[in-house]
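Please look over the sequence and the structure shown here before reading the points below.

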Amino acid sequence: MEIKTIERANCFELVEKKSRFIANIYPITKKEEAEKMLQEIKKEHYTARHHCYAYRILENGMLLEKCSDDGEPSGTAGAPMLTLLQKQGICNVLAVVTRYFGGILLGTGGLVRAYSDATAEALRGSNIIEMVNGYEMELEIEYRDLELFKYYCKMKKIEISHVEYLNNIRIRIELEKNQKEELIETQNSLKFEIKKWRIVSERYILRKC
């Protein structure tokens with residue numbers, strides 16, 4: 001199953017018949033983060049009538065989904081927003097659309113379109129990226145091999161997350177499962193030497209689509 005998330009937070013504002021729909025998209029990893037963001041938005045837009053939201057969080061192999069119409073007619077706001085996230089296969093994201101009522105009723109169809117369109121536009125500007133099964137790995141190399149190793153990582157699109165200069169150089173990298181197998185299986189034929197290595201954690205690796 002293809003799993004995606006967003007690279008960064010984004011905001012988009014849509015005006016429909018004098019009503020303002022302000023869509024905010026946030027990358028999150030926990031339910032507590034979603035609740036904190038919601039409270040911050042409600043505090044910032046305290047005069048707004050509605051704060052409708054949807055989120056999908058993949059945590060410890062479990063998918064948590066929730067949405068709210070926050071006073072709008074049932075099924076016209078939170079549910080369409082959640083459906084949009086589901087159709088695109090996007091997880092670890094919170095979508096909140098704040099509405100300032102403009103005095104003109106939009107009807108159920110108009111509300112569904114407005115909340116869906118505002119969310120979709122905010123998603124487009126947030127850069128959708130893929131979540132791939134992988135590892136955080138720590139290894140040691142000699143100083144003379146640093147540039148060769150960095151070049152290898154660049155060519156293989158392996159992310160270097162931390163470098164520590166000790167007796168040898170200790171490096172942390174993030175790589176996909178097949179990249180890890182390739183690195184370990186071919187290490188004897190590489191131009192640099194891996195002194196030792198260990199898997200720090202199994203995790204999702206983010207890759208641009």
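This is a predicted model: local features need pLDDT of at least 70, side-chain atom pairs count only at pLDDT 80 or more; totals for chains, interfaces and linings use all residues.

Residues are numbered from 1 along each chain as its sequence is written, and side-chain values use heavy atoms, with hydrogens and water left out. Helices (H or I, at least four residues) and strands (E, at least two) are DSSP runs, numbered from the N terminus.

**Nonpolar cores**

- In soluble globular proteins, nonpolar side chains tend to be buried together.
- A nonpolar core is a set of buried Ala, Val, Leu, Ile, Met, Phe, Trp, Tyr and Cys residues joined through side-chain atoms within 4.5 Å; buried means under 20% relative accessible area, exposed over 50%, and partly exposed in between (1.4 Å probe, protein chains only).
- The largest nonpolar core has 24 residues, of which Phe 21, Ile 25, Met 81, Val 93, Val 97, Tyr 115 and Leu 123 touch the most other members.
- Two or more residues of this core come from each of β3 (19–27), β4 (50–59), α2 (78–87), β6 (93–100) and α3.
- The element that gives the most to this core is α3, with seven residues.
- Another core lies apart from this one and has 17 residues, among them Tyr 135, Ile 141, Leu 146 and Ile 194.
- Leu 123 is in contact (heavy atoms within 4.5 Å) with Ile 6, Ile 25, Leu 84, Leu 85, Gln 88, Ile 90 and Ile 128, leaving aside its neighbours within four places in sequence.

**Helix α1**

- Helix α1 (residues 31–44) has 14 residues, which at 1.5 Å a residue should span 20 Å; its end C-alpha atoms are 20 Å apart, which agrees. The expected span of a helix is 1.5 Å times one less than its number of residues.
- The buried residues of α1 are Ala 34, Leu 38 and Ile 41.
- An α-helix has 3.6 residues a turn, so residues three or four places apart point the same way.
- The exposed residues Glu 32, Lys 36, Lys 43 and Glu 44 are carried on the face of α1 turned away from its buried side.
- The cover over the buried residues of α1 includes β3, β4 and β6.

**Helices α2 and α3**

- In α2, the buried residues are Gly 78, Pro 80, Met 81, Leu 82, Leu 84 and Leu 85.
- These residues of α2 pack against β4, β5 (62–68), β6 and α3.
- Ser 116 is in helix α3 (residues 107–124) and counts as buried, at 17% relative accessibility.
- Leaving aside its neighbours within four places in sequence, Ser 116 is in contact with Pro 80 and Leu 84.

**Aromatic rings**

- A search of the whole structure finds five aromatic pairs. Rings of Phe, Tyr and Trp (its six-membered ring) pair if their centres lie within 6.5 Å; planes under 30 degrees apart count as stacked, over 60 as edge-to-face and the rest as tilted.
- The pair of Phe 149 and Phe 192 is edge-to-face, because the ring centres are 5.3 Å apart and the planes are at 90 degrees.
- This pair links distant parts of the chain, 43 residues apart: Phe 149 is in helix α4 (residues 146–156), and Phe 192 is in the loop between α5 (177–185) and β10 (194–208).
- Phe 149 is buried, with a relative accessible area of 0%, and Phe 192 is buried, with a relative accessible area of 5%.
- Tyr 152 and Phe 192 also form an edge-to-face pair, 5.5 Å centre to centre, with 70 degrees between the planes.
- Phe 149, Tyr 152 and Phe 192 form one aromatic cluster.
- Lys 180 lies over the face of Tyr 135, at 5.6 Å from the ring centre. A charge sits over a ring if NZ of Lys or CZ of Arg is within 6 Å of the ring centre and within 35 degrees of the ring normal.

**Two buried strand residues**

- Tyr 100 is found in strand β6 and counts as buried, at 19% relative accessibility.
- Tyr 100 and His 45 are 55 residues apart in sequence and 9.0 Å apart in space, C-alpha to C-alpha.
- Glu 140 is in strand β7 (residues 128–141) and is buried, with a relative accessible area of 13%.
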